[in-house]
Amino acid sequence: MSKTAPAAPIETAASPSFGETLRKLDWRRYVIYIGFVVVFAFFAILLRDQGFLSAVNLLNIFRQTATITVIAVGMTYVISCAEIDLSVGSTAGLSSVATAMAISHWGLLPGILAGLAMGVIVGAINGGLVSLLGIPSFLVTLGMMGIAVGAAQWITASAPQPILDDTFNIIFGSGNIGPVPGLVLWSALFVAVGAVVLSRTKFGRQVLATGGNRTAADFTGISTKRIKFQVLLISGIVASIAGMLYAGRLQSGRFQWGTGDELSAIAAVILGGTSLFGGSGTVIGTLFGSLLIGLINNGLILAGLDSSQQQVVRGAIIILAVALARKK
């Protein structure tokens with residue numbers, strides 16, 4: 001009688017351990033969310049007696065970062081396309097004074113159209129020079145930054161332009177819908193639309209493809225020149241709306257509105273996980289990057305630091321966050 005060989009044991013793939021799963025997790029993708037929670041918890045503990053966790057203060061953080069968030073949404077598209085726009089802050093200031101002056105002379109609707117027209121003009125010039133003439137966007141928008149702020153200061157003789165139209169002020173920043181400030185709703189609208197378009201539409205995929213590899217995108221039939229023109233046009237229009245939000249909240253147009261916002265917007269975008277070299281972008285990450293900057297500003301003010309100390313701490317935190325998020 002022949003003996004049958006014992007059946008070979010069935011080998012089963014060992015399930016990865018929890019430690020292995022953690023090691024394989026690309027935590028750099030989530031560093032902005034981790035950093036936001038850590039900074040929030042730190043200030044919540046340190047400033048619990050200064051009212052940091054009060055509903056009024058938390059709502060103020062959202063309100064104070066709303067305009068930067070709006071600008072940063074447009075900047076996300078520009079940087080995802082491997083370009084840069086340094087003129088957004090000056091465009092916001094120019095739009096605010098154009099809106100204020102047009103409202104005082106012709107009324108509400110012409111004022112809004114005048115503000116939007118500034119964004120269209122600036123964005124179209126930036127986009128045309130970059131896409132058609134091939135001039136680097138850094139140089140084009142750096143020059144446009146000076147032109148826009150100079151034009152705004154020139155036409156107003158450096159004087160503030162008051163806005164007495166209550167309807168405009170309520171719609172663009174001064175009003176609330178229930179307990180929610182209008183500025184927060186504006187930023188939520190831009191984040192929602194920007195996130196969907198970038199991640200769910202053909203245009204968004206073309207923006208990312210152009211930023212990731214322009215040559216490959218050209219071979220696949222994408223008009224990369226058109227995409228570059230469109231993202232800079234969008235950035236200009238978004239910046240003009242941000243300028244009107246400044247004007248509505250502060251009930252005046254001034255050439256100073258938006259000064260330095262280009263740097264804050266770029267920082268928010270990069271902190272949020274968008275690659276500075278293009279090809280990847282996340283609007284939700286940009287939102288948290290903007291909120292993180294606002295959170296830091298608010299916490300440092302409540303902590304009693306003077307402006308120079310705030311700048312040092314703020315800069316160090318931003319550098320640390322970007323270094324941690326850097327891809328290998």
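Is S290 buried or exposed in this predicted model? At 2% relative accessibility, S290 is buried. Buried means under 20% relative accessible area, exposed over 50%, and partly exposed in between, with a 1.4 Å probe and protein chains only. Residues are numbered from 1 along each chain as its sequence is written. The model is predicted, with local features needing pLDDT of at least 70 and side-chain atom pairs pLDDT 80 or more, while totals for chains, interfaces and linings use all residues; side-chain values use heavy atoms, without hydrogens and water.

**View 1. The whole chain, with its helices and strands.** The secondary structure comprises 14 helices and four strands. Helices (H or I, at least four residues) and strands (E, at least two) are DSSP runs, numbered from the N terminus. The chain has 328 residues, and buried ones make up 44% of them. Among contacts with a separation of 6 or more, 76% join residues 24 or more positions apart. Contact means heavy atoms within 4.5 Å. The accessible surface is about 16,800 Å², and carbon and sulfur atoms hold 68% of that surface. Areas come from the Shrake-Rupley method with a 1.4 Å probe; for residues, only the protein chains shown count as cover.

View 2. S290 touches T65, I68, T69 and A268, leaving out residues up to four places away in sequence.

**View 3. The second largest pocket.** Its volume is about 440 Å³. Of the 20 lining residues, Q64, T65, I293, G294 and N297 are the closest to the centre of this pocket. A pocket is an open set of points on a 1 Å grid over the protein atoms alone, where a 1.4 Å probe fits, with protein on both sides within 12 Å along at least five of seven lines; lining residues have an atom within 4 Å of a point. Grid points are joined across faces, edges and corners, and the volume is the space filled by probe spheres set on the points. Helices α3 (55–80), α11 (224–250), α12 (261–271), α13 (283–302) and α14 (307–325) each give at least two residues to the lining. The largest share, seven residues, belongs to α13. By type, the lining holds eight nonpolar, nine polar and three charged residues. Nonpolar covers Ala, Val, Leu, Ile, Met, Phe, Trp, Tyr, Cys and Pro; charged covers Asp, Glu, Lys and Arg; the others, Gly among them, are polar.

View 4. Residues 59–79 are 100% helix, with end C-alpha atoms 29 Å apart. Residues 229–247 are also 100% helix, and their end C-alpha atoms lie 27 Å apart.

**View 5. T91 in helix α4 (residues 88–106).** T91 is buried, at 1% relative accessible area. Neighbours within four places in sequence aside, T91 contacts G119, V122, A148, G236, A239 and S240.

**View 6. L263 in helix α12.** L263 is exposed, with a relative accessible area of 57%. L263 and L86 are 177 residues apart in sequence, yet 7.8 Å apart in space, C-alpha to C-alpha.

**View 7. Positive phi at A82 and S158.** A82 has phi near 65° and sits in the loop between α3 and α4. A82 is partly exposed, at 34% relative accessibility. S158 has phi of about 65° and occupies the loop between α6 (137–156) and β1 (161–162). S158 is partly exposed, at 37% relative accessible area.
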